[in-house]
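Please keep the sequence and the coordinates at hand while reading.

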Amino acid sequence: MAAKKPLVIVTRRLPDVIETRMMELFDCRLNINDTPLGHDQLITAVKEADVLVPTVTDRLDKTILEQSGSRLRLIASFGNGTDHIDLGTAHERGIVVTNTPDVLTNDTADMTMALILAVPRRLAEGERLARSGHWTGWSPTHMLGSRISGKRLGIIGMGRIGQAVARRARSFDMTIHYHNRNRLHPDIEAELEATWWQSLDQMLARIDILSVHCPQTPATYHLLCARRLRLLRDHVCVINTARGNIVDEEALVTMLQRQELAGAGLDVFENEPNINPKLRNLENVILLPHMGSSTVEGRIAMGEKVLCNIRAFSDGHCPPDRVLPS
């Protein structure tokens with residue numbers, strides 16, 4: 001007699017090929033309408049599921065996890081970050097948590113590099129002007145931006161994505177500076193010709209473009225606070241494809257309004273999906289709807305990791321992408 005398949009509850013629509021495979025392997029409950037689950041629906045899900053497959057928009061805090069049933073033993077999150085899950089409570093209740101690391105590095109780095117190119121060259125402003133019907137023709141001083149060749153790129157967080165951005169930036173003849181909790185191995189530092197700054201404040205005062213790639217933790221909340229943002233010179237562009245609350249958004253808006261910064265490229269925001277109206281009114285800001293990792297290939301690779309983690313756990317093995325509390 002075949003073993004009973006675990007009940008897997010998926011909170012959002014996933015790529016068809018992943019959902020099809022889940023239906024083949026497990027007793028799977030899909031979210032066909034892709035409507036985000038509310039608080040009460042998440043509670044019902046953790047009570048009924050053997051395995052829950054949430055995404056980064058499903059906040060599984062203590063109030064929800066404490067109501068999980070005895071069946072729930074695995075949360076196989078569809079995403080790299082786990083700041084939406086109370087890892088401590090999950091661990092206390094014997095619930096294993098996994099994520100999908102390493103598959104989105106290049107996609108996010110590509111998007112970051114696109115913003116590094118687009119903001120200084122004012123591509124979004126130019127595109128809007130071309131569509132508006134008000135463009136009157138070329139002139140020598142019109143829509144002047146800044147070149148990036150020879151500029152100093154400051155990277156906060158030199159993990160896989162930060163390093164991938166640095167490699168792309170080097171091909172544009174940018175100079176790499178970085179702040180990280182730990183200094184890179186000398187071989188990597190030499191390959192990237194990167195300068196490490198133990199002091200974030202000192203680095204901020206010397207760069208031309210700033211790109212944020214550190215994880216969201218209590219220690220990185222408003223890491224770029226008003227005081228630190230004021231260390232940046234007025235020609236600097238700020239790029240954030242990491243997490244919105246790493247940057248003090250109100251302070252950033254104020255500096256952009258006063259032209260104390262040249263511009264910003266933001267794929268993440270403090271109160272997603274709500275975007276500060278002041279940001280929407282700024283011409284020197286490119287706003288994207290959290291699409292840094294949005295490629296077909298990336299989403300399928302994420303789904304394959306979820307499948308691998310569930311299968312390993314169901315077979316009695318430690319899943320390859322287990323995440324433990326700090």
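A crossing of two helices is called left-handed if the near helix is turned anticlockwise from the far one by less than a right angle, and right-handed if clockwise.

## Basis of the description

The model is predicted, with local features requiring pLDDT of at least 70 and side-chain atom pairs counted only at pLDDT 80 or more, while totals for chains, interfaces and linings use all residues. Residues are numbered from 1 along each chain as its sequence is written, and side-chain values use heavy atoms, with hydrogens and water left out.

Helices (H or I, at least four residues) and strands (E, at least two) are DSSP runs numbered from the N terminus.

## The α1 and α13 pair

Helix α1 (residues 16-25) packs against helix α13 (residues 296-314) at an angle of about 15°, and their axes are 9 Å apart; axes are lines fitted to C-alpha atoms, for helices over the stretch in contact, and angles run from 0 to 180 degrees between N-to-C directions. That angle makes α1 roughly parallel to α13, a term used for angles under 35 degrees. The crossing of the two helices, α1 and α13, is right-handed.

On the α1 side, Val17, Ile18, Arg21, Met22 and Leu25 meet residues of α13 that include Ile300, Val306, Leu307 and Ile310, where contact means heavy atoms within 4.5 Å. The residues of this contact of α1 with α13 divide into 8 nonpolar, 1 polar and 3 charged, with Ala, Val, Leu, Ile, Met, Phe, Trp, Tyr, Cys and Pro counted as nonpolar, Asp, Glu, Lys and Arg as charged, and the others, Gly among them, as polar.

Strands β1 (residues 7-10) and β3 (residues 51-53) run parallel and are joined by 3 bridges, and Ile9 has Leu52 as its bridge partner in β3.

A second open sheet, of 7 strands, has the order β8-β7-β6-β9-β10-β11-β12 and parallel pairing. Because β8 (194-196) and β12 (285-287) stand at the edges with a single partner strand each, one side of each is left without a neighbour in the sheet.

Terms used:
Parallel < 35°, antiparallel > 145°, perpendicular 65-115°, else oblique. Pairing = 2+ DSSP bridges.
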